[in-house]
Amino acid sequence: MKKKVLFSGILLAFQVLLGHAQQRLLGGDISLLPSYEAAGTVYRNAVGEPVAPLDFFKEQGWNAVRVRLFVEPSKASAEHKGEGVCQDLDYVTKFGQRIKDMGYQFMLDFHYSDTWADPGKQFMPDCWLDAETASLPDSVYRYTKNTLRSMVEAGACPDLIQVGNEITNGMMWPAAKVDPLGSDNWDLLVRLLESGARACREVCPKAKIIIHTEKAGEWNKTKTYYNRLQQLDYDIIGLSYYPMWHKAVGVLAATLDFLAVHFPNKEVMIVETAAYYSHENDRWAKSADEYSEFYPVSAEGQRIFTRELVAELRRHANVTGLFWWFPEENASGNTVTEGWLNRGLFDNHTGKVLPAMEELRRFVQPIDR
């Protein structure tokens, strides 16, 4: 078995290097784009001309789009709705149809929550709050299967599927809350992931399954986490990597090297990344230069980060995807969210594309030989 895994890993690496493996995927999580479009937001190219976002992204080399899905976002708090929680099945299906019709690969991000799921919060969906713990794997299986069936029937079949979002600390708390270095609740978490993955295989057999964590700067936690999933049926290790939280690009590079050695049969994708270009109207920032340890908080700082990240990722044969998180933020028109994050790829004043977009496209350019 070990020889088989090693061989498949070596084969994957050589295929990527020789250009025979899956095309590298470049894109973004643009889950709020339909809301911006409905508000009449205007997106502009570098010289200020209006552009159609999905067409423009294609011109920038994008070939994939990621969209999040909540169980019942109508149950989310008013605060979270104001931050962009609205993606229910109908919303995602309609958007997924457009994505597929335009020839993009479609990554579906199951949150298994009615609202944001991330390292600090993984809320149990309201519909399962009173369920017996033993029944939760079956609930995940049925929900995942029914959701995917509905999307496939509507012509919105995902090409890649995340079973959970940033789940280093587990999901559906408190039942499946885990410590990556601890032992509590791991049996349940693995059963939940197995149930979700099984539904994906049954309904979308060609789709690749992603397990998404967010400790790109902490190798011991990342290694221990994925070691616990050795028997799980999945294809891709998905990582979040943000320089303000996960240390310098060099730390990510070490993690990617270690993943290639310890998990040679798994592709790796950066399914979330972003960097600040400003802190204006940012209600979370404590100062104008917060998070400037590695890169200036400016459009140029964002560009430099993106250039360095892409250059590093291109050195790793196991890395096959790169996705920017919330690139569609654009406050130049009607209000869609409360406050600004300033981590998108369009200027919140003018709606013009930022220089980092041009750096991103280097990820899918041919490797010089």
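Glu300 is partly exposed, with a relative accessible area of 41%, and in this predicted model its side chain meets that of Arg303 in a salt bridge, 2.8 Å from N to O. The pair belongs to a set of 27 salt bridges in the structure.

**Salt bridges**

- Side chains of opposite charge can pair when their charged atoms come close.
- Both Arg303 and Glu300 sit in helix α11, which covers residues 299-313. They are 3 residues apart, about one turn of the helix.
- Arg303 has a relative accessibility of 22% and so counts as partly exposed.
- Salt bridges with shared partners also link Asp29, Arg66, Arg68, Asp109 and Glu272 into one network.
- Asp90 counts as partly exposed because its relative accessibility is 45%.
- What does Lys100 pair with? The side chain of Lys100 meets that of Asp159 in a salt bridge of 3.0 Å, N to O.
- Lys100 lies in helix α5, while Asp159 lies in the loop between α6 (136-153) and β8 (160-163), so this bridge ties together parts that are 59 residues apart in sequence.
- Lys100 is partly exposed at 26% relative accessibility, and Asp159 is partly exposed with a relative accessible area of 22%.

**The largest pocket**

- If you are looking for an open space in the model, the largest pocket has a volume of about 740 Å³.
- The pocket is lined by 34 residues, and those closest to its centre are Asp118, Lys121, Trp245, Trp325 and Arg343.
- Elements that give two or more residues to this lining are β4 (64-69), α4 (78-82), β6 (117-118) and α9 (243-246).
- Which element gives the most to the lining of the largest pocket? That is α4, with 3 residues.
- By class, the lining of the largest pocket has 13 nonpolar, 7 polar and 14 charged residues.

**Enclosed cavities**

- The model has 2 cavities of 30 Å³ or more.
- The largest cavity has a volume of about 80 Å³. Its lining is made up of Pro243, Met244, Ala275, Tyr276, Tyr291, Phe294, Tyr295, Pro296 and Val297.
- How do the residues lining the largest cavity divide by class? There are 9 nonpolar residues, no polar and no charged ones.
- The second largest cavity holds about 40 Å³ of space. Leu32, Arg68, Glu83, Trp116, Trp325, Phe326 and Glu328 line this cavity.
- In the second largest cavity, the lining divides into 4 nonpolar, no polar and 3 charged residues.

**Backbone details**

- Most residues other than glycine have a negative phi, and most peptide bonds are trans.
- The peptide bond from Trp173 to Pro174 is cis, with omega near 0°. Pro174 lies in the loop between β9 (170-171) and β10 (176-177).
- Glu166 has a positive phi, near 50°, and lies in the loop between β8 and β9.
- Is Glu166 buried or exposed? With a relative accessibility of 8%, Glu166 counts as buried.
- Tyr291, one of the residues lining the largest cavity, has a positive phi near 70°.
- Tyr291 is found in the loop between β13 (267-273) and α11, and is partly exposed with a relative accessible area of 32%.

**Confidence of the prediction**

- The protein averages a pLDDT of 94, and 93% of the residues score at least 70.
- Residues 1-9 have a pLDDT below 50, and this stretch has 6 contacts in the model beyond near neighbours in sequence.
- Over residues 15-21 pLDDT also stays under 50, and the model has 9 contacts for them beyond four places in sequence.
- Where pLDDT is low, the predicted coordinates should not be read in detail.

Definitions and conventions
Residues numbered from 1 in each chain as written. Heavy atoms only, no water. 1 Å grid on protein atoms, 1.4 Å probe; cavity = no way out; pocket = protein on both sides within 12 Å on 5 of 7 lines; lining within 4 Å. Points joined across faces, edges and corners; volume = space filled by probe spheres on them. Nonpolar A, V, L, I, M, F, W, Y, C, P; charged D, E, K, R; others polar. Salt bridge = Lys/Arg side-chain N within 4 Å of Asp/Glu carboxyl O. Buried < 20%, exposed > 50% of the residue type's maximum accessible area, 1.4 Å probe, protein only. Helix = DSSP H or I, 4+ residues; strand = E, 2+ residues; numbered from the N terminus. pLDDT = per-residue confidence, 0-100. Contact = heavy atoms within 4.5 Å.
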